[in-house]
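Here are my notes on the model you sent over.

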Protein chains: 2
Amino acid sequence: MKGRQVTIKDIAAELGISASTVSRALKDHPDISVETKKAVNELAAKLNYKPNVLALSLRQSKSKIIGVIIPELIHHFFSSVISGIDDLAYANGYSVMIAQSNESFEREVNETQVMLSSRVAGVLVSVSKKTKDFAHFQMLEDNGIPVVFFDRVSKEMKMDKVVVDDFDGAYKAVDYLIKTGCKRIAHYGTSMHLLIGKNRHNGYLHALFKNNIPIDDSLIFKCDDYDEAWYLTEKLVKSGNMPDGIFAVNDITAIGALQAAKHMGLRVPEDISIVGFTNGRISTMSDPPLTTIEQHGYEMGQIAVRILLNRLEKDEEEHEPETRVIKTDLIVRDSTKKIS
Amino acid sequence: MKGRQVTIKDIAAELGISASTVSRALKDHPDISVETKKAVNELAAKLNYKPNVLALSLRQSKSKIIGVIIPELIHHFFSSVISGIDDLAYANGYSVMIAQSNESFEREVNETQVMLSSRVAGVLVSVSKKTKDFAHFQMLEDNGIPVVFFDRVSKEMKMDKVVVDDFDGAYKAVDYLIKTGCKRIAHYGTSMHLLIGKNRHNGYLHALFKNNIPIDDSLIFKCDDYDEAWYLTEKLVKSGNMPDGIFAVNDITAIGALQAAKHMGLRVPEDISIVGFTNGRISTMSDPPLTTIEQHGYEMGQIAVRILLNRLEKDEEEHEPETRVIKTDLIVRDSTKKIS
DNA sequence: GTGAATTTCGCAAACGTTTGCGATGACGTT
DNA sequence: AACGTCATCGCAAACGTTTGCGAAATTCAC
């Protein structure tokens with residue numbers, strides 16, 4: 001059963017014609033007679049011929065593969081982005097090669113080498129938390145491989161990006177907290193060297209400012225996962241310096257805070273309101289279900305692919321980098337009070 | 001900036017030697033003098049030379065790409081499997097090409113064609129719910145591309161498989177419910193034409209049998225998602241025919257039941273105990289956190305890769321299909337009572 | 001100094017495909 | 001009869017790499 005795969009030459013030999021004729025016949029070239037075309041197509045179907053894309057790619061020195069580099073596959077947000085990428089890529093005849101950096105800079109660099117080696121058509125990437133040097137991506141561009149960044153981006157890169165409007169999303173979240181009566185709102189945020197962290201932070205600040213609420217630095221924390229949120233929230237309750245609202249940088253963190261608060265005897269949302277960010281599957285599963293910000297990951301993936309494809313078919317010499325911003329939506333559930 | 005990529009010929013030309021010498025120098029062939037090797041390696045580093053794997057794969061008619069076909073990327077379980085696949089593949093110098101069938105049979109067939117066209121080294125697949133005909137996978141094998149199935153498999157396929165011990169997992173879950181005092185245990189199950197559904201169902205039955213509890217058909221339901229579980233549980237409570245334990249086929253379903261039960265005024269686990277299956281991220285986020293069965297998705301991915309790689313390096317003519325069964329673990333949380 | 005052994009390298013073919021160009025033959029036109 | 005015009009097809013090169021084989025050049029032993 002260990003069969004070689006059938007090639008154009010096999011068809012040519014069986015039919016007693018040349019490989020070039022078979023090639024042309026298969027793509028309906030006008031130079032080929034109808035009978036020959038018919039014979040070729042029939043035999044090709046019978047032998048279950050599939051073109052060898054390796055040879056094809058080698059010939060025209062470009063492949064139909066889109067590379068994707070992400071920090072971690074298991075995050076719901078990233079898998080929804082990839083889902084969007086895969087669907088649109090598939091619809092356009094491209095395949096998707098994935099590589100997770102596992103938040104390791106070395107591995108991320110290594111993956112870019114692999115992408116280069118594989119001569120992918122282009123690369124979509126969300127950088128790892130540790131990445132502060134972007135030379136490896138520039139290297140891809142220098143070798144003619146377009147790069148489009150999504151979600152996790154950096155300001156200094158002058159390349160195509162598609163990001164979520166984190167500032168506005170954070171603003172909406174905090175503004176809603178205020179509108180529902182919260183006066184002392186904490187922010188559980190992530191590292192500031194990622195734009196995403198900075199922008200959400202600024203959105204938070206802006207909402208306070210717009211509503212004439214003074215900024216209280218003692219309510220702003222670096223805290224971006226479940227366990228940290230548990231610990232921090234527990235400590236806050238014990239300290240007696242409890243806020244009446246929390247805006248967390250992601251759903252996991254929000255739920256950590258939510259559960260800790262409940263565990264400490266607080267009622268959500270009566271005693272404290274909590275808002276997350278991402279609208280992952282888990283946000284509907286908590287008790288109460290979490291008010292959060294929808295990031296439209298699937299659409300983000302599709303847009304990234306579209307930008308890449310556009311650039312590939314344009315094939316221009318110089319390219320003006322573009323930044324696409326995706327609007328967020330506030331999803332109101334029961335971890336916040338209603339607007340009265 | 002739109003640069004061609006550096007090839008072995010470029011190095012050869014610049015150094016005034018032949019391409020074959022460069023090739024041999026790069027892989028430390030003994031035929032090449034130390035000085036030449038040094039010169040080649042230095043220039044290769046300077047020019048940032050990366051071998052073109054397309055050409056390489058074409059030459060030895062086999063690539064270093066592992067294809068993966070799955071129903072849906074966004075399921076936590078599948079993304080953890082892929083994570084395991086990717087990590088081990090990466091460690092062995094392979095890349096991973098993914099393709100989601102979106103539970104569509106046509107697309108699944110199509111993806112196998114793409115895999116064949118891409119001349120991948122092997123394919124790992126979890127079949128779609130709609131797949132009842134496996135000819136397209138046999139076609140891959142006939143063309144010399146090994147296939148390893150995981151999780152969603154079918155009995156009649158005589159190929160390599162790696163599955164979770166669903167029967168035993170279900171048994172453990174239900175047995176635990178019984179040991180903690182439940183007498184009337186419902187099963188929210190999935191379609192029986194997937195082995196996974198049948199095995200979990202049988203595990204449920206076996207646990208009842210072993211504990212001398214009569215089987216009550218009115219407690220067995222086809223119900224495998226969040227909304228269905230909500231609706232069904234609500235109906236059960238209203239009917240007054242409420243069970244005191246539920247074994248659900250997955251976490252999502254379990255949480256749907258859990259929330260509906262709470263919403264109807266029942267206490268979990270005092271009035272009703274609930275066990276899920278998968279141990280996804282969400283199972284820690286519900287209130288109370290869900291008792292469930294750990295499926296070891298990450299390990300499953302790694303094992304699938306290992307089976308594939310073994311087969312690739314063996315390269316034997318005839319191959320005896322192997323089935324690996326992964327043991328599950330019961331994860332006890334607070335949606336069930338304690339053993340007294 | 002001769003022959004043999006050894007070191008170091010290049011030639012060319014091959015993987016499967018595409019494509020510019022030229023070749024062949026049939027046919028029609030003068 | 002001589003020519004041009006088509007329609008149909010094949011040759012060969014190219015993409016980047018590996019590798020068997022042979023060819024130089026050098027070294028060694030006598």
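This is a predicted model: local features need pLDDT of at least 70, side-chain atom pairs count only at pLDDT 80 or more; totals for chains, interfaces and linings use all residues.

1. Next, a pair across the chains. The side chains of K262(A) and D287(B) meet in a salt bridge, at 2.2 Å from N to O. K262(A) is in helix 11 (residues 251-263) of chain A, while D287(B) is in the loop between strand 9 (273-275) and strand 10 (292-294) of chain B. K262(A) has a relative accessible area of 25%, so it is classed as partly exposed. D287(B) is also partly exposed, with a relative accessible area of 26%.

2. Over in chain B, E103(B) and R152(B) make a salt bridge through their side chains, with N to O at 3.0 Å. E103(B) lies in the loop between strand 2 (95-100) and helix 6 (105-117) of chain B, and R152(B) in the loop between strand 4 (147-150) and strand 5 (160-164) of chain B, so the pair ties together parts that are 49 residues apart in sequence. E103(B) counts as buried at 13% relative accessibility; R152(B) is buried too, with a relative accessible area of 6%.

3. There is also a network to look at: D86(A), D87(A), R107(B) and E111(B) are joined into one by salt bridges that share partners. Over all chains, the salt bridge count comes to 40.

4. Now for a charged residue left without such a partner. Which side chain of opposite charge is nearest to R333(A)? That is D251(A), 6.5 Å away; R333(A) is buried yet has no salt bridge, because a salt bridge needs the nitrogen within 4 Å of a carboxyl oxygen. What R333(A) does have is a polar contact of 3.0 Å between its side chain and that of N279(A).

5. Leaving aside residues up to four places away in sequence, R333(A) touches N279(A), S283(A), T284(A), P289(A), L290(A), T291(A), T292(A) and K338(A).

6. On to helix packing in chain A. The axes of helix 1 (residues 8-15) of chain A and helix 2 of chain A come within 8 Å and cross at roughly 110°, so these two helices are roughly perpendicular to each other. I8(A), I11(A) and A12(A) from helix 1 meet A19(A), V22(A), S23(A) and L26(A) from helix 2.

7. Helix 2 (residues 19-26) of chain A also packs on helix 3 (residues 34-47) of chain A, with axes that come within 9 Å and cross at roughly 90°. This pair is therefore roughly perpendicular as well. On the helix 2 side, T21(A), V22(A), A25(A) and L26(A) meet T36(A), K37(A), V40(A), N41(A) and A44(A) of helix 3.

8. Last, a stop at D225(B), in the loop between strand 7 (220-222) and helix 10 (226-239) of chain B. D225(B) counts as partly exposed at 32% relative accessibility. Its C-alpha atom is separated by 9.5 Å from that of G189(B), 36 residues apart along the chain.

Conventions. Residues are numbered from 1 along each chain as its sequence is written. Chains are lettered from A and ligands numbered from 1 in the order in which they are written. Side-chain values use heavy atoms; hydrogens and water are left out. Buried means under 20% relative accessible area, exposed over 50%, partly exposed in between (1.4 Å probe, protein chains only). Lys and Arg count as positive and Asp and Glu as negative; His and the chain ends are not counted. A polar contact is a pair of N or O atoms within 3.5 Å; within protein, one must be able to donate a hydrogen and the other to accept it, and residues adjacent in sequence count only if both atoms are side-chain atoms. Contact means heavy atoms within 4.5 Å. Axes are lines fitted to C-alpha atoms, for helices over the stretch in contact, and angles run from 0 to 180 degrees between N-to-C directions. Helices (H or I, at least four residues) and strands (E, at least two) are DSSP runs, numbered from the N terminus. Angles under 35 degrees count as roughly parallel, over 145 as roughly antiparallel, 65 to 115 as roughly perpendicular and the rest as oblique.
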